[in-house]
Amino acid sequence: MASPVPVKEKKFMEVKLGELPCWILMRDFTPKGIAGAFQRGYYQYYNKYINVKKGGVAGISMVLAAYVLFNYCRSYKELKHKRLRKYH
């Protein structure tokens with residue numbers, strides 16, 4: 001049974017598992033396409049968490065948590081080396 005919406009126009013969460021390889025191949029992987037995807041993601045995040053009438057700390061805390069996690073992953077090799085060092 002064919003889907004009424006073309007695979008290219010479906011959102012990621014609407015794609016069935018069998019359609020996933022076809023959907024991935026139809027994405028735009030040029031630098032302009034990747035920049036556009038990041039821009040769309042930023043605007044979605046901004047409009048959902050930052051640009052609201054009654055805002056909270058959720059939007060800013062997610063950015064802060066991502067920043068902390070990124071820096072931890074970046075310096076994990078050094079932290080692991082220090083943790084495994086024996087002190088006599």
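Visitor: At what angle do α2 and helix α3 pack?

Guide: This is a predicted model. In it, α2 and helix α3, the latter spanning residues 58–74, have axes 8 Å apart. The angle at which they pack is about 135 degrees.

Visitor: Is α2 roughly parallel, roughly antiparallel, roughly perpendicular or oblique to α3?

Guide: An angle over 145 degrees would count as roughly antiparallel, and one from 65 to 115 as roughly perpendicular. The angle here is about 135 degrees. Therefore α2 stands to α3 as oblique.

Visitor: Which residues of α3 make the contact?

Guide: On the side of α2, the contact involves Tyr45, Tyr49 and Ile50. Their counterparts in α3 are Gly59, Ile60, Met62 and Val63.

Visitor: Is Ile50 buried, partly exposed or exposed?

Guide: Ile50 belongs to helix α2. Buried means under 20% relative accessible area, and exposed means over 50%. Because the relative accessibility of Ile50 is 33%, this residue counts as partly exposed.

Visitor: Which helix gives the most to the nonpolar patch?

Guide: The patch lies on the surface and is formed by Tyr42, Tyr43, Tyr46, Ile50 and Ile60, with about 500 Å² of accessible area together. The helix that gives the most, with 4 residues, covers residues 31–50. This is helix α2.

Visitor: How many helices and strands does the chain have?

Guide: Read from the N terminus, the elements run α-α-α-α. The chain has 88 residues, and 10% of them are buried. Its secondary structure amounts to 4 helices and 0 strands.

Notes:
Residues are numbered from 1 along each chain as its sequence is written. This is a predicted model: local features need pLDDT of at least 70, side-chain atom pairs count only at pLDDT 80 or more; totals for chains, interfaces and linings use all residues. Side-chain values use heavy atoms; hydrogens and water are left out. Patches are made of residues with over 30% relative accessible area and no salt bridge: like charges are joined within 9 Å, nonpolar side chains (Val, Leu, Ile, Met, Phe, Trp, Tyr) within 5 Å. Accessible areas come from the Shrake-Rupley method with a 1.4 Å probe; for residues, only the protein chains shown count as cover. A salt bridge is a side-chain nitrogen of Lys or Arg within 4 Å of a carboxyl oxygen of Asp or Glu. Helices (H or I, at least four residues) and strands (E, at least two) are DSSP runs, numbered from the N terminus. Buried means under 20% relative accessible area, exposed over 50%, partly exposed in between (1.4 Å probe, protein chains only). Axes are lines fitted to C-alpha atoms, for helices over the stretch in contact, and angles run from 0 to 180 degrees between N-to-C directions. Angles under 35 degrees count as roughly parallel, over 145 as roughly antiparallel, 65 to 115 as roughly perpendicular and the rest as oblique. Contact means heavy atoms within 4.5 Å.
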